[in-house]
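User: I have a structure to look through and I'm new to it. Can you walk me through some of its details?

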Amino acid sequence: MGEQRGGMPDPGGAADLAEFVGLLGDLRAWAGMPSYRSLAKRVGPLMRPARVVSPSTLADVFRTGRRRLDIDLVTAVVRALGVGEGEAGRWRESGIRVHREAKTGGPTGVLRQLPADLAVFTGREKELGDLIAVTARPGPRATTVVISAIEGMGGVGKTQLAVHAAHRLVRSGHFTDVQLYVNLHGFDSEQEPADPSEVLAAFLRQLGVPAAQVPSGPGERAAMFRDRMQDRAAVLILDNAVDEDQVRDLIPASPGCLVLVTSRRSLAGLDGAEIHRLDVLSDAEALDLLAAVAGGERINTDRVAATGVAEACGNLPLALTIAAARLKARPSWTTSDLLEHLSRGGLDAMTVGRRSLRPVFDLSFDALPRRARLLFLLLGVQPGTDVTAEAAAALAGVTSRAARSTLEALCDEYLLLQRSPGRFELHDILRAYAQETAADRLCAAERAPAVDRLLTWYTRTAEDAATTLLPSLGMPSPARSAPRAPATQFTDRSDAVAWLEAEHANLLAASAAATAAGHLEAAWRIPAAASVLRAVNQNWPECEALLTDALSGVRRTGDLAAQAWLQNRLGATATELGRTKEAEEMFTAALAARRLLGDRDGEAAVLNNLVIFYGRTDRPRLGLEHAVLALELARREGNTDREASALNAMAACLSGLGRNAEALELMLQVVAIREARGDGYRLGLAYVLTGSRHRDLGQFEAAEACGVKAREIARRSGDRFGEGEALLGQAKALLGQGRPAPARNCLQEAAGIFDELEAERYLAETRQLLADTEA
């Protein structure tokens with residue numbers, strides 16, 4: 001309280017409106033505590049103009065917790081209590097001062113602070129249900145404060161969700177004592193993040209604590225805040241928090257309290273908090289929000305265009321609201337006009353009035369450390385749909401460990417998504433932002449080497465995966481001698497298969513980017529390597545498409561050896577697809593090139609495929625002639641892999657000529673060579689083909705044993721197609737023994753594998769056998 005002069009309270013000591021009213025009460029006590037009725041009779045004539053003042057009106061003047069006072073009435077009260085004109089003037093000046101400071105320093109006794117609920121709030125029923133359910137959950141929550149952290153990227157609607165949830169809870173009779181709200185300015189272009197100590201001081205004043213009684217230290221303020229909140233049914237919204245430290249002291253201890261914290265940064269370190277990660281709206285919710293802002297009739301008139309608008313906005317609530325508000329402000333526009341505007345203008349089109357999307361993302365971007373800013377921009381120029389830490393490391397020219405740490409940090413800032421372990425991606429709107437910002441802030445000296453490193457990494461890793469999958473692949477050596485980025489290491493075939501499957505879309509995008517950037521090696525090597533998995537899985541149409549792209553790219557390099565290698569593979573693919581003319585043309589060109597280059601090993605590889613081709617086209621004698629040539633070349637070069645391939649091809653031709661015993665003898669030689677080499681995948685294939693030769697001779701038990709062995713090898717090496725082939729061969733051997741029941745089991749498993757791999761020809765054969773066994 002203010003010091004007294006001659007026992008009279010001093011109004012100059014009032015720190016705020018609450019203290020001023022308290023001093024008025026002291027002044028009444030100094031004057032002998034006249035009743036409100038008697039005081040009212042004195043006050044009325046002192047008013048200008050004079051009027052009748054009721055006792056209740058007068059009593060209200062002395063009520064603490066008021067938000068404002070009638071200064072003229074207060075001055076008359078002071079004079080009626082016996083204060084002279086000069087001193088009454090001081091009371092008037094002090095009253096005016098505390099009113100002015102209340103406007104700038106925060107009101108006192110303000111307990112209903114929730115911002116207005118948005119009339120256009122739509123959707124989020126699941127998220128609302130989750131938030132509300134936490135408040136009613138039994139168990140430990142009954143004795144502790146409930147903390148819900150709502151996290152997500154800028155513009156995703158965190159504040160609106162928190163405010164709407166708080167209003168819904170209050171309307172249903174929860175947390176009716178106190179509702180506090182503060183914007184912590186964690187991400188604000190005009191203000192620094194709020195000091196928690198200052199926020200506590202404001203909260204305490206708003207809870208009726210006189211400013212003079214607010215402690216000076218943050219710890220004491222936090223303790224007093226917890227005390228004042230004890231046993232109150234209260235909801236607090238701590239909006240736009242910068243981190244856990246900013247909100248930790250603002251959390252009361254009373255179990256009757258709910259704290260809703262919003263942030264565009266992860267608050268996982270906030271003890272006891274339930275984390276609610278907010279994603280963009282669903283497609284249906286996005287359309288509902290457009291309709292709520294722009295009007296249902298305009299949106300529903302052209303749902304196709306409206307869907308396009310939602311897609312252009314990435315279903316991000318802020319972007320949707322801005323786009324819909326622009327449509328509402330343009331009565332002559334259709335939804336198609338809005339879509340064209342968005343398509344043409346990029347992020348700059350996401351503006352209406354003073355609201356814009358770009359500054360929202362700028363706040364998050366500018367708050368990043370330098371290394372994270374650079375990687376975020378580089379993610380905008382990388383061609384794929386997502387990245388791993390290894391790919392990001394190549395892109396940024398750092399270690400995988402450093403890249404992973406930075407990627408995780410970007411996830412914590414909600415600038416990056418991690419929809420599956422180890423894989424990171426940008427939301428479509430953030431990708432557009434990263435691309436446009438990179439165009440402004442990344443120079444060519446930063447961008448071009450980063451893209452080159454990434455393309456080189458994709459090239460080498462894809463080739464290493466393909467070689468792990470098919471060791472005899474024999475891809476031509478790189479034409480250029482530039483250093484190559486470290487590739488991902490593969491421990492076995494299953495790792496290689498998993499990588500090629502997961503990276504397929506990225507490999508296609510990288511190949512296209514390499515073509516556009518003039519990175520000729522990557523432009524053909526990436527699709528060539530990617531085609532190997534399609535070949536192993538017998539997905540010949542996709543394999544052919546990839547190889548055709550690769551051949552188109554390699555012709556620009558003038559690399560004759562690489563061109564011959566691709567022509568040989570395209571010939572084999574055309575053979576599988578039944579296009580004999582194209583296959584023969586490719587083989588002829590490849591064979592001529594190999595002979596021109598004096599490449600005996602390459603010539604043997606083409607001859608082996610030609611043998612298969614002739615066998616498929618009912619020319620086994622011609623095939624046998626080529627197989628003999630291939631075998632001679634392989635043995636002359638000491639290449640046991642090519643030798644086994646030539647023997648395998650010869651066996652197929654002999655089988656076509658009905659010389660089944662000779663064919664089996666050659667296949668047994670193939671098995672021996674593959675076992676000696678430890679060839680894994682190719683050993684499994686040798687057992688499959690040996691089983692076929694046993695069946696040709698009616699040796700069904702031996703054929704079954706080959707199928708079992710082939711399946712064991714396929715499982716061990718992660719060869720799904722090989723497992724399906726082994727099961728099919730085993731089923732045929734079982735049928736040959738007159739055992740349809742176990743054969744059906746094998747066929748059903750094989751059908752599942754071929755269906756999964758989209759191996760249509762094998763799937764059709766398997767299903768036909770199944771139908772025959774069930775007839």
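**Salt bridges and a cavity**

Analyst: R720 is partly exposed, with a relative accessible area of 32% (buried is under 20%, exposed over 50%, partly exposed in between, with a 1.4 Å probe and protein chains only). This is a predicted model, where local features need pLDDT of at least 70, side-chain atom pairs count only at pLDDT 80 or more, and totals for chains, interfaces and linings use all residues. Residues are numbered from 1 along each chain as its sequence is written, and side-chain values use heavy atoms, leaving out hydrogens and water.

User: What does R720 form a salt bridge with?

Analyst: Its partner is E723, with the closest N and O atoms 3.5 Å apart. A salt bridge here is a side-chain nitrogen of Lys or Arg within 4 Å of a carboxyl oxygen of Asp or Glu.

User: Is E723 buried or exposed?

Analyst: E723 is buried, at 8% relative accessible area. R720 and E723 are three residues apart in helix α34, about one helical turn (helices are DSSP runs of H or I, at least four residues, numbered from the N terminus). Salt bridges with shared partners join R720 and E723 into one network with R711, R715, E749 and E756.

User: How many salt bridges are found in the whole structure?

Analyst: The search finds 50. One of them pairs R616 with E576, at 3.1 Å from N to O. R616 lies in helix α28 and E576 in helix α26, so this pair ties together parts 40 residues apart in sequence.

User: New topic: which helices each supply at least two residues to the lining of the second largest cavity?

Analyst: Those are α32, α33 and α34. A cavity is a set of points on a 1 Å grid over the protein atoms alone where a 1.4 Å probe fits but cannot get out, and lining residues have an atom within 4 Å of a point.
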